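Me: I would like to learn how to read chain contacts and helix packing in a model such as this one. Could you take me through it step by step?

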Amino acid sequence: MATDTYDAIVVGSGISGGWAAKELTEKGLNVLLLERGKNVEHIKDYVNARKAPWEYKHRGGRTRAMEETYPVLKRDYPLNEKNLDWWASDQDSPYTEIKRFDWYRGYQVGGRSLLWGRHSYRLSDLDFEANARDGIAVDWPIRYADVAPWYDYVERHAGISGSLENMPQLPDGQFQPAMPLNCGEELVAGRVASHFDGRRRLIPGRVANATRPLPGRSPCQYRNACWLGCPYGGYFSTQSSTLPAAMATGRLTLMPFSIVTELGYDRDKKRVSSVRVMDAATEKTTEFSAPVVFLCASALNSAWLLMRSATDVWPDGLGSSSGELGHNLMDHHFRVGARGMLREESLDDKYYFGAKPVGFYIPRYRNMRGDKRDYLRGFGYQGSANRQDWQRAVRELGIGANFKDKLAQPGEWSIGATAFGEMLPSHDNKIGIDATRTDKWGQPVLKVDCKTGDNEALMRIDMANDMAEMLDAAGVAEVSTYDDEYFPGMGIHEMGTARMGRDRRTSVLNRWNQVWDAPNVFVTDGACMTSAACQNPSLTYMALTARAADYAVQELKRGNL
Amino acid sequence: MAADRQQSGLITRREAILRVSAVFGGAAIVGQSVMLAGCAAQPASETGKANGGALFRQSDIELLDEVADTILPETSTPGAKAAGVGPFIAMMVDDVYNENDQQIFIAGIKDLQSRCLRRYGAHFQIVTAAQQLDLLERLDAEQHQYMESRDDDAPAHYFRMLKELTLLGYFTSEIGYTQAMRYVETPGRYDPCVPYTNGEKSWAPHA
């Protein structure tokens with residue numbers, strides 16, 4: 001049937017899938033974009049975006065009933081009253097934890113692009129060369145020069161605000177004006193830079209919040225309410241940015257409630273020839289076909305789909321001939337850092353206006369430029385300085401009229417930062433199919449077996465103490481470190497389960513994100529990452545997706561797919 | 001140097017949630033933060049209302065209103081009672097607290113009432129404002145000392161619960177947002193450094 005055939009099929013509509021849909025349609029292809037969850041229409045479906053904070057019954061908190069319904073989500077901040085609709089149901093979509101793994105999923109059009117933290121940093125050759133340099137895992141098949149033009153390209157469209165800093169480990173990009181540091185952050189930035197001779201620097205976070213208008217989008221309005229959906233289109237999401245561009249071509253078909261259960265593999269042509277889709281509501285199955293398929297279902301789910309496909313040829317699934325499919329699962333380890341009080345006379349009469357949706361960033365400085373630690377790789381920090389709000393008083397002594405009026409005023413300046421550390425790829429950190437359990441749709445679920453190792457444990461000591469050292473150097477008072485304990489998955493940066501490489505015997509994808517065993521299948525979400533670096537990864541997924549889409553269309557024209 | 005701080009600087013899971021909520025802009029997790037330690041130990045299915053659906057009587061809610069209004073009284077801006085904090089506290093304890101914490105809370109307000117009877121010979125709702133304040137200041141000192149020295153796994157003091165829920169209920173109410181503090185849903189701009197004169201109210205965030 002003609003309607004079941006497209007030029008390309010994209011599985012998943014989050015950050016990567018939205019980019020794939022945009023790029024492929026803009027290059028003239030008729031594209032089917034499949035999303036397992038419900039539709040979320042830009043602005044119209046941001047039902048809480050305009051709701052006053054006092055209109056939430058529990059003021060945004062969580063109830064016992066919510067905790068019972070969401071046994072995984074409740075482990076961290078995602079379980080809250082304000083945007084619960086955009087986190088996947090733990091009950092409908094269970095998974096097996098061989099070791100504790102917190103999997104926070106967004107099953108709707110836009111995926112987690114609606115919910116993401118929006119920090120957007122380039123990787124550099126410090127990262128792309130890391131595995132080769134350290135003899136860890138396999139070498140990335142690409143270098144910074146391969147991706148740089150694609151970073152340029154996606155930054156312009158996505159709208160990344162940031163400052164030019166000329167730091168080789170964190171290349172500059174095509175930025176809109178930065179969201180400036182506030183006076184507390186600025187003061188500490190100056191002291192850190194001078195004390196550490198410019199080796200450690202506190203810069204404005206680079207974030208996918210626009211500071212200049214973009215087509216169909218207003219700049220950020222400083223509500224800091226991104227995770228409710230932005231009625232101004234102030235931050236990058238599929239809905240605000242890539243989906244409207246793809247729709248504008250007239251060549252996009254978006255199908256929500258479409259769970260892809262298997263890729264049909266043609267062993268003679270060595271190509272995927274069909275995509276099997278289950279309607280999430282009726283559970284009816286339909287097949288679609290296209291010469292090009294992009295898997296952008298998120299790292300774990302794209303790997304799951306490969307594992308469920310071509311099992312007549314390879315029992316462990318398409319891409320498993322390398323022995324690496326589902327292995328090398330990575331995340332960023334964090335929840336460790338330091339904080340303190342900024343007691344500076346010069347700040348007592350200073351405040352800020354507007355709610356900035358980002359703070360500062362301290363780019364990596366460890367294990368580079370002559371620094372050598374007893375662990376590999378490094379970490380960056382995200383933090384902010386703020387005047388304390390009424391919550392400061394929960395631990396303080398006091399009640400009554402003066403207490404109340406004081407609490408309605410801003411308190412002292414405090415500052416804190418959390419480190420985000422690189423997690424090494426390890427073959428032992430893996431996912432697989434748990435054939436003993438099925439989800440709501442009768443599909444076997446994933447089992448996850450992943451833990452951090454000695455390298456991460458050693459790094460965490462620096463991650464806490466270095467921040468304390470910087471705060472001390474900046475004259476911050478009452479500096480204390482913290483380590484709130486981290487379990488893989490909490491970073492919500494799942495990566496590596498179908499890594500890129502130079503050799504089909506040791507990697508699932510080639511340098512163009514093509515599955516070695518099926519070159520018409522491209523995997524461009526976090527699954528493709530060969531190492532994790534320490535930077536937030538989404539910008540890299542955008543760039544790699546645009547790059548792969550460009551290549552796919554060229555190959556299609558050359559008759560190679 | 002920094003290394004010795006590692007121990008003393010360790011923060012509790014409870015505080016971690018507070019900070020996380022602050023990072024994400026949500027202020028409204030304080031009430032629930034009280035019982036996170038308890039949640040981990042107690043399966044969710046065993047939680048529930050302590051006494052068959054009627055956790056609070058009307059007189060309890062009136063008491064909660066009075067207590068909240070003593071903690072955050074009317075000044076140049078309305079107090080906690082006007083902001084509906086009494087019923088809010090009851091609802092939160094009912095919906096959010098686990099059974100253990102509910103029992104501590106219920107026993108706590110009985111204790112508060114009996115202390116008031118012993119000290120002033122009348123219920124909290126009818127003693128003078130000065131007596132109300134005196135009683136709660138004593139309780140506040142007691143909870144503060146207890147909370148600073150307790151083991152991490154020990155339950156919270158009931159007056160800490162009351163105080164937290166009062167602050168949460170008040171400062172996240174419409175009165176709290178728009179009268180006690182200043183609220184602009186859509187600031188439209190960011191000024192990283194503006195002059196501040198003592199006494200000026202906080203800007204309350206939209207989310």
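This is a predicted model: local features need pLDDT of at least 70, side-chain atom pairs count only at pLDDT 80 or more; totals for chains, interfaces and linings use all residues.

Me: How many residues of chain B are in contact with chain A, and how do they divide by type?

Reply: An interface is often described by the accessible area lost when the parts come together. Here one can count residues instead: 72 residues of chain B are in contact with 59 residues of chain A, and on the side of chain B that touches chain A there are 39 nonpolar, 22 polar and 11 charged residues.

Me: What pattern does chain B follow along its sequence?

Reply: Chain B has 10 helices and 3 strands, in the order α-α-α-α-α-α-α-α-α-α-β-β-β, and of its 207 residues 41% are buried.

Me: At what angle do helices H1 and H7 of chain A pack?

Reply: The axes of H1 (residues 15-26) and H7 (residues 238-248) of chain A are 7 Å apart, at an angle of about 25°. Because angles under 35 degrees count as roughly parallel, H1(A) is roughly parallel to H7(A). The contact includes Trp19(A) and Lys22(A) of H1(A) and Leu243(A) of H7(A), and its residues divide into 6 nonpolar, 4 polar and 2 charged.

How values were computed: Residues are numbered from 1 along each chain as its sequence is written. Chains are lettered from A and ligands numbered from 1 in the order in which they are written. Two residues are in contact if their C-beta atoms, placed from the backbone, lie within 7 Å. Ala, Val, Leu, Ile, Met, Phe, Trp, Tyr, Cys and Pro count as nonpolar, Asp, Glu, Lys and Arg as charged, and the others, Gly among them, as polar. Helices (H or I, at least four residues) and strands (E, at least two) are DSSP runs, numbered from the N terminus. A residue is buried if 20 or more other C-beta atoms lie within 10 Å of its own, exposed if 12 or fewer, and partly exposed in between; C-beta atoms are placed from the backbone. Axes are lines fitted to C-alpha atoms, for helices over the stretch in contact, and angles run from 0 to 180 degrees between N-to-C directions. Angles under 35 degrees count as roughly parallel, over 145 as roughly antiparallel, 65 to 115 as roughly perpendicular and the rest as oblique.
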